[in-house]
Amino acid sequence: MTSFPRGALTYRPGLARNRYNQLFTGLAAVFTALAVLPLVLVLVYVLIKGGSLISLRLLSELPPAPGLEGGGIGNALLGTLIVTLIASLIAIPVGVGSGVYLAEYSRGGAFARFVRFGTNVLAGVPSIICGVFVYGLIVATRAFAGQSYSAVAGGIALAVLMVPTVIKTTDEALKLVANELRWGALGVGASKFVTITRITLPAALAPIATGVVLAIARAAGETAPLIFTALFSPFWPDGLLNPIASMSVLIYNFAIMPYEAQISLAWAASFVLVVMILAANLLARWLGKLSRT
Amino acid sequence: MATGQRPDLFAHRRRPPGEKLLDLSFQRLTVVLASLVGLVLVGILITVLGGSREAMGQFGLGFLTTSDWDPVGGHYGAFTAIYGTLITSLLALLIAVPLGVGTAVFITENIIPLQIRQVLGVMVELLAAIPSVVLGLWAIFVMEPFLRPGLTGLHSLLGWLPFFSTEPQGPGIAPAVMILVVMILPIITAISRDSLNQVPPSLRQAAYGIGATRWGAILNVILPAAISGITGGVMLALGRAMGETMAVTMIIGNSNNFSLSLLAPGNTISSMLANQFGEADGVQVSALMYAALVLMLLTLVVNVLAQQIVRRLSLKYN
């Protein structure tokens with residue numbers, strides 16, 4: 001019987017393959033650092049340049065005329081809340097309803113496959129195209145009381161973006177609900193409607209809420225669908241059928257202005273927007289954890 | 001209690017008509033809501049197709065290959081924008097794929113403690129949540145001034161190549177590529193991470209069992225097993241990069257003059273739309289719709305391909 005040479009089974013760092021191993025590990029660590037770096041840098045700059053400006057006055061005043069100092073982003077903050085609310089009021093019923101159809105009623109037929117495929121396609125449509133669509137559908141045709149640019153048009157454009165996310169999360173959340181719950185409800189004589197609204201939807205509430213919160217957070221930061229649907233306004237919101245300001249469009253418009261006051265307002269708006277969106281994401285994460293336990 | 005005393009308890013009870021109606025109308029309602037998705041898709045197609053008819057008739061396919069954009073004379077060609085869309089997204093992909101896949105490997109393989117890996121994963125996911133307009137603002141005031149000395153150095157060193165032949169003057173294609181990298185990295189990382197996690201543990205154990213080093217196992221066994229999921233993620237990221245609007249619009253310079261140089265200002269289809277659609281009228285609107293149609297078809301092809309690839313993966317190991 002041949003004996004192993006001494007040291008054959010010990011780790012020798014000098015071997016080529018061990019060298020490569022270390023090299024690749026180092027490379028992957030560098031890549032990870034590079035991938036995380038932008039988040040850190042963006043957060044630091046938004047915090048420094050925007051966070052230092054935050055005050056009650058900033059959050060409650062109108063933006064200044066070009067060239068003047070002071071002012072705030074009050075109208076844009078309110079406008080973002082209004083437009084996002086309109087979008088949610090459209091997207092949540094439509095999305096949850098379609099998700100209920102896919103998970104509870106459809107039997108995997110051609111229509112259900114078409115809806116699933118369409119949802120995926122719609123999720124991949126560039127957001128600027130949603131803006132073009134709503135412009136052609138509502139703004140150019142003056143569909144609402146003869147008004148062109150309006151808060152409602154902006155809300156509809158954002159809703160088109162939100163719907164695929166809500167459908168997908170509802171569909172997947174309902175599929176995870178145990179069938180025994182459905183059988184139990186139907187067995188004691190509940191109708192399909194009662195089974196869905198009282199048993200399956202409540203059981204899937206946490207994951208659906210996670211998806212909805214993520215969709216709202218994404219919509220609140222979207223700009224491209226708003227620039228030619230909701231437009232912008234330097235004044236306080238004036239009804240739902242007039243152009244309305246929003247934080248994201250404010251950042252876009254003010255960032256390219258040559259005035260210092262406008263640029264710092266853009267940073268301040270970025271800070272508020274980022275804080276809102278990160279908070280929503282952490283909330284969604286917490287809801288997601290809640291649904292797993 | 002004897003069963004015979006309450007016969008009505010076990011008697012066949014018909015559902016009241018109100019309950020039946022409610023049941024049926026709820027079902028119909030969900031069907032209607034579900035068909036809205038299809039309606040919206042068809043609506044988008046009709047709006048964009050209908051809007052672009054005039055420009056299609058006037059410029060034909062030459063629209064795709066010529067690059068004059070002259071609202072005064074009424075001549076439109078989208079080659080600069082189409083080229084810009086393709087070159088920015090492909091270059092961004094070229095940089096983001098190694099970074100994203102490397103990061104995904106680093107946070108799925110057992111290299112560093114689990115807690116740190118989880119934190120890194122959350123950070124990359126949060127990067128995806130930052131609005132693109134905020135990234136655009138950051139790109140204008142922080143990233144571009146930081147990159148400019150490097151790009152100027154590139155120009156003076158490699159200026160004889162047509163790709164670096166112009167002096168960088170702020171906004172341009174190269175900074176747009178960099179901000180696109182930041183935007184698509186989270187997608188590539190997240191999907192690669194999911195596909196790596198789906199690789200059956202037995203494959204990994206077998207590789208280590210026959211004495212593979214960690215990277216021997218990763219490069220020869222784990223990554224090949226996850227490759228179709230990763231490819232699907234990369235395609236999704238490509239679709240996102242082609243359609244990405246705000247950050248690119250803010251940093252690319254919005255010039256319709258065609259230039260091979262990556263340091264010169266350029267244009268993408270989406271940045272052109274964001275910039276001009278609001279103020280355009282007449283044939284220009286139609287030309288922009290035509291460009292939007294091209295963008296839609298490009299992203300549609302990429303996204304459908306991505307879905308097919310991802311579907312193939314889910315069949316493989318289930």
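User: How many Å separate the centres of domain 1 of chain A and domain 2 of chain A?

Analyst: This is a predicted model, in which local features need pLDDT of at least 70 and side-chain atom pairs count only at pLDDT 80 or more, while totals for chains, interfaces and linings use all residues. Residues are numbered from 1 along each chain as its sequence is written, and chains are lettered from A and ligands numbered from 1 in the order in which they are written. Chain A is divided into domain 1 (16-52) and domain 2 (59-292), with bounds that come from an automatic or database domain assignment. Taken over C-alpha atoms, the distance between the two centres is 32 Å.

User: Which element of chain A has the highest mean pLDDT?

Analyst: The pLDDT is the predictor's confidence in each residue, from 0 to 100, and chain A has a mean of 89, with 96% of its residues at 70 or more. Helices (H or I, at least four residues) and strands (E, at least two) are DSSP runs, numbered from the N terminus. The lowest mean among the elements of chain A, 85, belongs to helix α2 (residues 56-60), and the highest, 95, belongs to helix α3 (residues 74-105).

User: Which helix gives the most to the side of chain A that touches chain B?

Analyst: Two residues are in contact if their C-beta atoms, placed from the backbone, lie within 7 Å, and the contact takes 67 residues from chain A and 70 residues from chain B. With 20 residues, the element of chain A that gives the most to this side is helix α1 (residues 16-51).

User: Where does α8(B) bend?

Analyst: The 30 residues of α8(B) have end C-alpha atoms only 38 Å apart, short of the 44 Å that a straight helix would reach at 1.5 Å a residue, where the expected span is 1.5 Å times one less than the number of residues. The bend at a residue is the angle between axes fitted to the seven residues ending there and the seven starting there. For α8(B) this angle is about 55 degrees, at B:Ile227.

User: Is B:Gly233 buried or exposed?

Analyst: B:Gly233 is found in helix α8 (residues 214-243) of chain B, and 21 of the 30 residues of α8(B) are buried. A residue is buried if 20 or more other C-beta atoms lie within 10 Å of its own, exposed if 12 or fewer, and partly exposed in between, with C-beta atoms placed from the backbone. Because B:Gly233 has 28 other C-beta atoms within 10 Å, this residue is buried.
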